[in-house]
Amino acid sequence: MDIRLVVFCILLVTVTGHPHKRHCSMSRYKSVSSADIKMIRQLQNEHEKNMSTSAMKCYRRMMRHKPSVCDLKPSDRLILTLERVTITTEVLANLATSDVPDPVSQSLMMFLKIRDDLLICRESSQYTSTPSEELMPWLHHLQDFLEQASPQCLQDAVLLSLISLMVEDVGCWAHSK
């Protein structure tokens, strides 16, 4: 093996820390494109045609917590946003297998990418901390909602929360980076 290649590999590992480690980069989510908002709106409008009468009640039950996600410390914001994005991808994946128009699969792909980026950030040494005491009520509330809500209620709540998830949760997380 060429000595220059060995030296280059050693320098690469020394400078980057790990040659295959991906970096936590959320700057692309600081603003939501109008095309993404339009796609989400189209999905919500399509869903509203078949929405149950208790959809808003489900949405309010899921989103009960105040203050804003933006008021949490960055590591807690990451944990909560990752949880909510994961739930969203699961709901959208279930919808994508049904007979729903294309905005579902486009939204699913967008939220899967966000989830993957959040997972990279969660693995970074900066954000490996456990949830704080301040975050625990948020996580317990979300878990209780998931256990108690019917599948239709969960679907309604998630679809109604897509824009706030993108703008508030993901946007606040990206701005804290």
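The buried residues of helix H7 are covered by, among others, helix H2 (34-48), helix H3 (55-62), helix H4 (74-96), helix H6 (136-148) and helix H8 (162-176); here, helices are DSSP runs of H or I with at least four residues, numbered from the N terminus, and contact means heavy atoms within 4.5 Å. The model is a predicted one, in which local features need pLDDT of at least 70 and side-chain atom pairs count only at pLDDT 80 or more, while totals for chains, interfaces and linings use all residues. Residues are numbered from 1 along each chain as its sequence is written, and side-chain values use heavy atoms, without hydrogens and water.

Helix H7 spans residues 151-160, and eight of its 10 residues are buried, so the helix is largely enclosed by the rest of the structure. Buried means under 20% relative accessible area with a 1.4 Å probe, protein chains only. The buried stretch includes Cys153, Gln155, Asp156 and Leu160.

Next comes the nonpolar core, a set of buried Ala, Val, Leu, Ile, Met, Phe, Trp, Tyr and Cys residues joined through side-chain atoms within 4.5 Å. The largest has 45 residues, of which Met26, Leu80, Phe111, Ile114, Leu118 and Trp173 touch the most other members. H4 gives the most to this core, with nine residues. Leu118 touches Met26, Leu78, Thr81, Leu82, Val85 and Trp173, leaving aside residues up to four places away in sequence.

Conventions. Buried < 20%, exposed > 50% of the residue type's maximum accessible area, 1.4 Å probe, protein only. Helix = DSSP H or I, 4+ residues; strand = E, 2+ residues; numbered from the N terminus.
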